Amino acid sequence: MSERCIRCFKPLSNCLCKYTKEINTGIKFVLLMHPKEAKRQRTGTGNLAHISLKDSEIIVGLDYSKNSRLQQLLQDPKYFPMMMYPGEDAWTAKKEGFAEALQGKIPLILILDATWFCSKKMIEHNPFLLELPRVSFYGNYQSIFTFKHEPKPEYISTIESCYYFIKEMQENGLEEKSINPEPLMDVFKEMIKFQLQAENERILGIRPNSHNYDSHYNKLREIPQF
């Protein structure tokens, strides 16, 4: 097995760190990462989001009700905690009263970093998360994550969720316009191209299969130019 970068978990020959750039927002992103997702850091986007977003955190676990770090953050009076989760009562950046609800506090955005199946399990284990104010998007977005097949096109990745939330906050004067969130998408696109190229190389026999299911992929994929 090739040696991997300790930050992006990609082979050193294809390290993605050179495509990352730290973004200092006025938002505290906390990624609640399912243990299975933590083991799949080679294909997950949560870690890349964490590398890019200053003051963001990853908390790995399944039952967060007794997680001391999360509870510390939730009880910190400088934060306004919100769960990124759709719902009719979810705040959006343009929803009337949202700016007033923040009361000058730092938005603390909790994001489930897991597959959609595992996300449901996380909610089952942590019903208190949905008792927090919810936040979502007012825009309709489709993921560019062509390497991974989501149940629905509108199910977007963790790094895309951070990107679009920052963009919508900027559009409504709740985030500095001078902050450039594009590095999030830049590194994400490079990750997609790397993964598709690696898949093609496995099909062509250039690269060995790393998982049993790799043998099921036998059709060459087009590498997007973005």
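## Helix 6 and Glu168

Glu168 sits in helix 6, residues 158-171. Helices here are DSSP runs of H or I with at least four residues, strands are E runs of at least two, and both are numbered from the N terminus. This is a predicted model: local features need pLDDT of at least 70, side-chain atom pairs count only at pLDDT 80 or more, and totals for chains, interfaces and linings use all residues. Residues are numbered from 1 along each chain as its sequence is written, and side-chain values use heavy atoms, leaving out hydrogens and water.

Glu168 is buried and has no salt bridge. Buried means under 20% relative accessible area, exposed over 50%, partly exposed in between (1.4 Å probe, protein chains only). A salt bridge needs a side-chain nitrogen of Lys or Arg within 4 Å of a carboxyl oxygen of Asp or Glu. The nearest side chain of opposite charge is Lys94, 7.9 Å away. Lys and Arg count as positive, Asp and Glu as negative; His and the chain ends are not counted.

After helix 6 comes Gly173, with a positive phi near 70°.

## Positive phi in two loops

Asp55 is not a glycine, yet its phi is positive, about 70°. Asp55 lies in the loop between helix 2 (46-52) and strand 2 (57-60). Its relative accessibility is 49%, so Asp55 counts as partly exposed.

Gln103 also has a positive phi, near 55°. Its loop runs between helix 4 (98-102) and strand 4 (106-113). Gln103 is exposed, at 60% relative accessible area.
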